[in-house]
Amino acid sequence: MQRNLNHALFTALMTFVVSFPLLGIDLVTDGSSLTIEATSVTTYYYMTAAIVIVFLFQLFRESILSVFSSVPKLRLPIHLYSDLPQSRRNRFENWFTLVVVIVALVWPFVVSRGSIDLATLVLIYVMLGLGLNIVVGLAGLLDLGYVAFYAVGAYSYALLSEYFGLSFWVALPIGGLMAAFFGFILGFPVLRLRGDYLAIVTLGFGEIIRILLNNLTSLTGGPNGIGGIPKPTLFGMEFGRRVKEEGNTLFHEVFGIAYDSTYKVIFLYLLAVLLVLFTIFVIRRLVRMPVGRAWEALREDEIACRSLGLNRTIIKLSAFTIGAAFAGFAGCFFAARQGFISPESFTFIESAIILAIVVLGGMGSQMGVILAAIAMTVLPELAREFQEYRMLMFGLMMVLMMIWRPQGLLPSKRPHLELADVK
Amino acid sequence: MLEAFLYFIQQLLNGLTIGSTYALIAIGYTMVYGIIGMINFAHGEIYMIGTYASFVVIAGLTMLGIEYVPIILGCALIVAMIVSSSFGWAIERTAYRPLRGKHRLIPLISAIGMSIFLQNYMVLGQGARDVAIPPIITGGWSFGGGDFQATLSYMQLVIFVVTFVSMYALSEFISKSRMGRACRAVAEDLKMASLLGINTNRVISLTFVIGAALAAVAGLLLGLYYGIANPHIGFIAGLKAFTAAVLGGIGSIPGAMLGGLILGVTESFTAGYFSSEYKDVVSFSLLVLILLFRPTGLLGKPDVEKI
């Protein structure tokens, strides 16, 4: 009891120290000097409440925790899924994918325009998550600057359409190739680096790209970004009210229906679904190919991998390049959807969110990445009504999710042998 | 000729000033990395909190009519260190300790989440806008003649002295005291140290507290040097300090000091002779270049692969 009391007093004091000087006192600029004043009374009530709660919790820690542990734990159906043997899991996954695809295709015709928009955003993050999953989840290389490739893809399309008038469909592969090229370039110097050295170099690379985009004003428009990026067309049919480019027709005129701006949103959504399906398909094939096996082998044990005669350079470079290419596709699509891009959209926080999607998804599992992308995009959107608390809660959510499920939502399970009865 | 030389000296002084504060922040990264092998992404935010805490104290004391600079500095330093250390302690306790021993990306994500949380915590507490503080240490020594005079401001002098004293105190603590010995033992081999009866949890907490305290010192010094703060200054400062730590070889305390100074000087020379927009590009390129030839940083121990 005495120990508990001491600990409780200490944590209560800590709560006071971390809250009072920064939340309880407001810095006010008064002319040229800086003064302080007390903040609103409600804040003090909240702070007192927080301190009392922390104190009581730490004081009666054992009894509170025992009450919690006596409540039966909420078993998520995820456990049932991950306990399945691999063959049944594959079959289940195939069926599940089919259902999801059908739902995804029917869905936009049922729900509101805002939800379709949000779903399109989710799909962009799914694509980014799947791409980064190759680098981080499969090849085990920590990349904190993934957003750079996303930016390269987006700016490729924006610049190609602005200077050369290329359409989305031509720019899409070029954007992917450009991003892949940058991935290749970055791959070279970092090949020798391990673990966290890699992290800082990729992070630096992401910052370099952002700074360049910000400062090459004559080319990229600097902080003002590039606007008026044309939307994608469907076989030369535009989705606007009037034809913007010569030679194109209008979707609603061709089909003889009234103009509705929702068509454009639905088209963009379906396009995103298509791109995601393409991404999933390609990555699934890649993982089963020798190069995919090599990525996983490299992640598991680099030395063993090398002693088996696998070329480390090629494996790492291919992971970087292919991962970057998908970010390039996503970037192209993002630029086309937004119609406006600026370096603001490609800050470190984006890289962090994508990485969080991969880790939360369970590193290496595609289903997990999709689930995590939905969680990471929809939850902040739901929290929008909390306004100024939104990002605060987002940060807290990242911490809590890691504590709650450190292995990720759907950890990937690969076939392995175990000695029976040996623990 | 003389002017060019003086200009050079000026850039060097500016670079060393910034560099020494980077080094202070970098020590926090490097110590935590050396002991539990994780990148504490929220460390830049600890520095930002230190800046705000010291601003609160300075503003408060000025309101009370106290104008004797050493008292203001001393109080601000102590309070900032206490507040930042409490944050360091609390973060380790809540966000990192439950994740110890998990895959190394897990605490990293938790740290990034914590960093977002702390930034917005400060936005909530003090608003998102810049807070400016009037300079309390003014004046300096000018030397040289002609059109250009190099200046060593008293503020820069204070930065040098305070940084030097803190680093000296740290190295004495690490090399002489009982707790410091425990720190080194845990950094060497955590499992072995705990088998030998060292309370590793306490050592890890202490590492976070020391790192946070040094970041608070840097927060106070840089806050006064720039005279401005906002809730987002932590990210870029943290990034620079992390770069410095890696440059010097992460895990090595002298490496962090050296890396910080090199980074600061590089930045100031780029800004002085080339363009201040591209100073970050140059410092990251320098990092890549150094890592190309020394993959574990300048003073880092080469990785030994054991099978």
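Reply: The crossing of α16(A) and α4(B) is left-handed, that is, the near helix is turned anticlockwise from the far one by less than a right angle. Helices here are DSSP runs of H or I with at least four residues, and strands are E runs of at least two, numbered from the N terminus. This is a predicted model, in which local features need pLDDT of at least 70 and side-chain atom pairs 80 or more, while totals for chains, interfaces and linings use all residues. Residues are numbered from 1 along each chain, with chains lettered from A in the order in which they are written.

Me: At what angle do the axes of α16(A) and α4(B) cross?
Reply: They cross at roughly 140° and come within 10 Å, the axes being lines fitted to C-alpha atoms over the stretch in contact, with angles from 0 to 180 degrees between N-to-C directions.

Me: Which residues of α16(A) make the contact?
Reply: Ala352(A), Leu355(A), Ala356(A) and Val359(A) do, meeting Leu105(B), Ile106(B), Ile109(B) and Ile112(B) of α4(B); contact puts C-beta atoms, placed from the backbone, within 7 Å.

Me: And the whole interface, how many residues of chain B are in contact with chain A?
Reply: There are 56 from chain B, against 46 residues of chain A. On the chain B side, α4(B) gives the most, with 15 residues.

Me: Changing topic, how many helices does chain A have?
Reply: Chain A has 18 helices, along with four strands.

How values were computed
Two residues are in contact if their C-beta atoms, placed from the backbone, lie within 7 Å.
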